[in-house]
Amino acid sequence: MSHTLAEAVRRTIRDVPDFPKPGILFKDITPVLSSPRLLQDVVNWTAGTYAGVDVDLVVGIESRGFIFGAAVAPQIHAGFVPLRKPGKLPWTTRQVSYDLEYGSATLQVHEDAIQTGDRVVIVDDLLATGGTAVAAVDLVRQLGGHVVGCCFVVELDFLEGRARLDCPVVSLVNY
Ligand code: AMP
C-alpha cells in the first residue's frame with residue numbers, strides 16, 4: 001500500500017523551480033493536502049509507522065509539520081507539541097539555533113511541553129539537509145524527551161540529511 005501511496009504522492013507534489021530563491025526546487029505539498037484521499041492516506045501511513053510503538057507526544061516543526069503532526073497525534077493516542085519560530089509561543093520557552101545555507105534559524109518550544117522520559121516522534125513535511133530536524137531532536141532532548149523517531153512525507157536523499165540524525169528515520173517519498 002505504501003508503495004502505491006508513495007507513487008501517488010510523488011505524482012501529486014508540485015515542483016516549483018527557484019522558490020524561495022534561485023537554485024532551490026521547492027517540493028510543494030499543497031496539492032496533496034487538497035486531496036481528501038491522499039491527505040487521509042498520508043496521515044494513516046504515518047500513524048501506521050508507529051502502530052504498536054509507545055508514543056507520548058508528536059512534535060511538529062513549523063509550519064508544514066503542524067499539518068501532518070496534529071492529524072497523526074490523536075490517531076496514535078499521543079499529544080501534539082509545536083516547535084515554533086521565535087516570538088510566537090506565549091509561555092516560557094527553550095530554544096535552539098542552527099545554521100542554514102545562508103544565515104541561521106531558531107526553533108522554540110514551551111519548556112513544560114515535554115516531560116523527562118516522554119517518548120516523542122518528530123514530524124515534518126520534508127527532510128533536506130537535516131539541519132532543522134537535528135535542531136528539533138536537540139530541543140526535545142534538552143527537555144528530557146526520548147526521540148523514538150523522525151517521520152517525513154518527503155526526503156531529498158541526495159542531501160544526506162538522514163546521516164545527520166542519530167534516531168530512526170522514515171519517509172514516504174524519496175528523491
Ligand atoms: P533542512 O533543514 O535543510 O532539512 O530543511 C528542511 C526544512 O526546510 C523543512 O521544514 C522543509 O519544509 C523545508 N525545505 C527545505 N528544502 C525544501 C524543498 N526543496 N522543498 C520544500 N521544502 C523544503
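Tutor: Strands here are DSSP runs of E, at least two residues, numbered from the N terminus. The model is predicted.

Student: Where does D18 lie, and what is its phi?

Tutor: D18 sits in the loop between β1 and β2. Most residues other than glycine have a negative phi. D18 is not a glycine, yet its phi is positive, about 60°.

Student: Which residue does a cis peptide bond join to F19?

Tutor: Most peptide bonds are trans. Here omega is about 0°, and the bond is cis.

Student: What is omega for the peptide bond from E62 to S63?

Tutor: S63 has its place in the loop between β3 (57–61) and α4 (64–75). E62 lies in that loop too. The bond from E62 to S63 is cis, with omega near -5°.

Student: Is E62 buried or exposed?

Tutor: The cut-off for buried is under 20% relative accessible area. E62 has 15% relative accessibility, so E62 counts as buried.

Student: Which residue has its backbone nitrogen 2.8 Å from a polar atom of the E62 side chain?

Tutor: Leave out residues up to four places away in sequence, and E62 touches L83, R84, K85 and K88. One of these supplies the backbone nitrogen, at 2.8 Å: K85.

Student: Is H77 buried or exposed?

Tutor: H77 is found in the loop between α4 and β4 (79–83). Its phi is positive, near 60°, and H77 is not a glycine. Exposed means over 50%. H77 reaches 71% relative accessibility, so H77 counts as exposed.

Definitions and conventions. Residues numbered from 1 in each chain as written. Predicted model: local features only at pLDDT ≥ 70, side-chain atom pairs only at ≥ 80, totals over all residues. Heavy atoms only, no water. Helix = DSSP H or I, 4+ residues; strand = E, 2+ residues; numbered from the N terminus. Buried < 20%, exposed > 50% of the residue type's maximum accessible area, 1.4 Å probe, protein only. Polar contact = N/O pair within 3.5 Å; in protein donor to acceptor, adjacent residues only side chain to side chain. Contact = heavy atoms within 4.5 Å.
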